Amino acid sequence: MKIAVCIKQVPDTETRVQIDSEKNWIKESNVTFVLNPYDEFAVEEALKIKEKNGGEVILVCLGPERSISAIRTGLAMGADRAIHIKENRILNGLSVAKALAEILKGMNCDLILLGKQAVDDDNMQVGPMLAELMNLPSITVVTKLEIADSKVLAEREIEGGLEIVEAELPAVITAQKGLNEPRYPSLRGIMMAKKKPVEEVELQIPDSEIEILNMEYPEPRPEGKIVGEGPDAVKELVRLLKEEAKII
Amino acid sequence: MEGPVVIFAETRNGKLRNVSFEVATAGKKIANNLGKELIAIIIENNENTLSHSLGIYGVDKIINARNPLLESYSTDGYAKTLSEIVEKINPSLILMSASAMGRDLAPRLAARLNVELISDCVKLDLNNGNIEVKRPIFAGKAFITIRSNSRIKFITLRPKVFTAEIFDENKKAELEEYNIDFSGYKFKSKVKEILQEKEGKVDLTEADIIVSGGRGMKGPDNYKIIEELADVLNGVVGASRAAVDAGWRPHSDQVGQTGKVVSPTLYIACGISGAIQHLAGMSSSKWIVAINKDPEAPIFKVANYGIVGDLFEVVPALTEELKNIMKD
Ligand SMILES: Cc1cc2nc3c(=O)[nH]c(=O)nc-3n(C[C@H](O)[C@H](O)[C@H](O)COP(=O)(O)OP(=O)(O)OC[C@H]3O[C@@H](n4cnc5c(N)ncnc54)[C@H](O)[C@@H]3O)c2cc1C
Ligand SMILES: Nc1ncnc2c1ncn2[C@@H]1O[C@H](COP(=O)(O)O)[C@@H](O)[C@H]1O
């Protein structure tokens, strides 16, 4: 099986977001960048499938120079090689999907895995867009994946339940938490990753048709209060919920 | 902004979902402002009250896309259906809910139409005839206001942010049946089965009241007291990642940056410290109550009301007190 995993480098979830002076993105100084958490599930799933069926796992990442650290993380987990599409702009979903499709079209992969969402833009777009551009099936937010006889059977999360979806390979799948437990790169893996091939490519990607007009912080929450200590405070809490918050 | 406003009216088990009314209401406001028609596309629906149930929210016309092959959901089948109709209508704006189906379907449809998509809008404004969209990024640690320059503006709306409001009690939408032809088309993916967790169970993202337990719960069995509190309040149980990773609660219960982003009216956090990733998922709740034995826990910084104490004493006492006053 030839499996591609699309990965993105994103700010660590610990990041305290600071808005830049142009108010169209965050200040990147002091930010630690990591492999997008959902993409870890995608990489892990690819490695598990490879371990079972044999084959190759190829990472495809679009982003600036610094993205190499996320690529190395994926390689250290066990991916075989990577393609790095160099791009410094912040692009919206369709532009990213088009660039990825351009690279993936000639590769004849059996399976393409992505995260369900990049935790910076939170778009949840690239997977199904890529699938449409490549004329392949897409199954998103997958928590369980079975592959047999070139068929995919996947469980995906919906409101208050699960959908069982069937498709044929090649297919595009986006990974949700619960799909697996991503492995930590071993020391040996980290050493080996340094020698694995990373192909750098440049594409002519048009500007996104999305304009960022402003960026702002959420409304600050009102000053909270400690109602009291222990079970004795319960009466007062209930009174506040009733009279002040008017919820009950 | 030339063409009409189009919404996708989502159904589950043949019934319109509430998110469809939220989207219709938001669509009506824009359509009215621009002096445009509001058209709802619905797929394979047999409700005979359809023209009234959508009409009252301001929908002028319903296009019911018909083909028995669409009875169960197919991402590509639905995207093909909608794109065919959309290309005929040539709307200026498409609105859809950022529900589980909307999140799956909208990007596929956008790519098919070759337009950019704006996901998860929480505020929709018209500025000199341009649509400006506010949406959270970094799980709500910041918000951006953006504009799409694509030929069709395509936006999904975060559930429960926009309220459904009746526009006209007596309005009936015009109903048009539209037959979609799938001969020669092979469906790429198909839903085989839907497993409902519990009949009538409300999803965290749609819940009005959430009671969450974290590592302070100490074990899976202790969630009984959280469930009891949730029950008296008619709420839903959530959890921190620590509790989920310990195997105490299912993944679908996790609230936070890599779980569900929720905005209930009331969020009660029990034995949860308030790590930045947890706060990202619940800080937009209207009212937050925290119960924690550590007065320094960061959760108290976002809580409207805090009780410092042992949750194993406070939570049952709260349940009892609520039962008492609910009796009156
Ligand atoms: C990439 C990444 C993504 C993450 N995403 C999420 C996410 O989506 N959601 C999430 O929740 N976390 C997430 N986390 C984890 C997060 O950083 C914290 O580790 C986690 O939220 C801690 O959970 P907790 O508050 O239940 O546990 P703790 O931080 O251990 O807090 C337990 C609290 O319980 C209190 N307590 C203990 N006993 C009692 C008692 N008897 N009575 C009252 N109080 C008591 C303690 O005082 C303490 O404050 C993520 C982490 C990473 C690295
Ligand atoms: N720049 C990128 N390079 C490679 N993959 C990406 C990129 N952006 C997004 N993806 C993939 O698409 C998924 C969804 O991203 P998004 O649609 O931005 O939320 C991510 O989890 C990645 O797997």
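Which of the 27 residues around ligand 1 come nearest? In this predicted model, they are Arg215(B), Ser240(B), Thr258(B), Ser273(B) and Gln277(B). The views below start from that site.

**View 1. Ligand 1 between chains A and B.** The shell around ligand 1 counts 27 residues, which divide into 6 nonpolar, 15 polar and 6 charged. Three helices of chain B, α6 (241-245), α7 (276-282) and α9 (311-327), each supply at least two residues of this shell.

**View 2. Side-chain contacts of ligand 1 with Lys218(B), Gln254(B) and Thr258(B).** A nitrogen atom of the ligand lies 2.7 Å from an N or O atom in the side chain of Thr258(B). For Lys218(B), the distance from a side-chain N or O atom to a nitrogen atom of ligand 1 is 3.1 Å. Gln254(B) places a side-chain N or O atom 2.8 Å from an oxygen atom of ligand 1. Taken alone, ligand 1 exposes 990 Å², and the protein buries 81% of that area.

**View 3. The shell of ligand 2 and its contacts in chain A.** Ligand 2 is surrounded by 19 residues, of which Cys6(A), Asp39(A), Leu62(A), Ala118(A) and Gln125(A) are the closest. The shell divides into 11 nonpolar, 5 polar and 3 charged residues. At least two shell residues come from each of β1 (2-7), β4 (56-63), α3 (93-105) and β6 (111-115) of chain A; β4(A) gives the largest share, 3 residues. The side chain of Asp39(A) has an N or O atom 2.5 Å from an oxygen atom of ligand 2. Ligand 2 taken alone exposes 480 Å², of which the protein buries 98%.

**View 4. Lys141(B), a buried lysine without a salt bridge.** Lys141(B) sits in the loop between β9 (130-137) and β10 (142-148) of chain B. Its nearest side chain of opposite charge, Asp12(A), is 7.5 Å away, and a salt bridge requires the nitrogen and the carboxyl oxygen to be within 4 Å. The side chain of Lys141(B) instead reaches the backbone oxygen of Thr13(A), at 2.7 Å.

**View 5. The salt bridge between Asp207(A) and Arg89(A).** The closest N and O atoms of this pair are 2.6 Å apart. The pair links distant parts of the chain, 118 residues apart: Asp207(A) is in the loop between β11 (198-201) and β12 (210-216), and Arg89(A) in the loop between β5 (81-86) and α3. Asp207(A) counts as exposed because its relative accessibility is 58%, while Arg89(A) is partly exposed at 34%.

**View 6. The salt bridge between Glu177(B) and Arg66(B).** Here the N to O distance is 2.9 Å. Glu177(B) belongs to strand β12 (residues 174-179) and Arg66(B) to strand β5 (residues 61-66) of chain B, 111 residues apart. Glu177(B) is partly exposed, with a relative accessible area of 44%; Arg66(B), at 17%, is buried.

**View 7. The salt bridge between Lys224(B) and Glu228(B) within one helix.** Both residues lie in helix α5 (residues 223-233) of chain B, 4 residues apart, about one turn of the helix. Lys224(B) is exposed, with a relative accessible area of 51%, and Glu228(B) is partly exposed at 37%.

Terms used: Residues numbered from 1 in each chain as written. Chains lettered and ligands numbered in written order. Predicted model: local features only at pLDDT ≥ 70, side-chain atom pairs only at ≥ 80, totals over all residues. Heavy atoms only, no water. Near = heavy atom within 4 Å. Polar contact = N/O pair within 3.5 Å; in protein donor to acceptor, adjacent residues only side chain to side chain. Areas by Shrake-Rupley, 256 points an atom, 1.4 Å probe, with all protein chains shown as cover. Nonpolar A, V, L, I, M, F, W, Y, C, P; charged D, E, K, R; others polar. Buried < 20%, exposed > 50% of the residue type's maximum accessible area, 1.4 Å probe, protein only. Lys, Arg positive; Asp, Glu negative; His and termini not counted.
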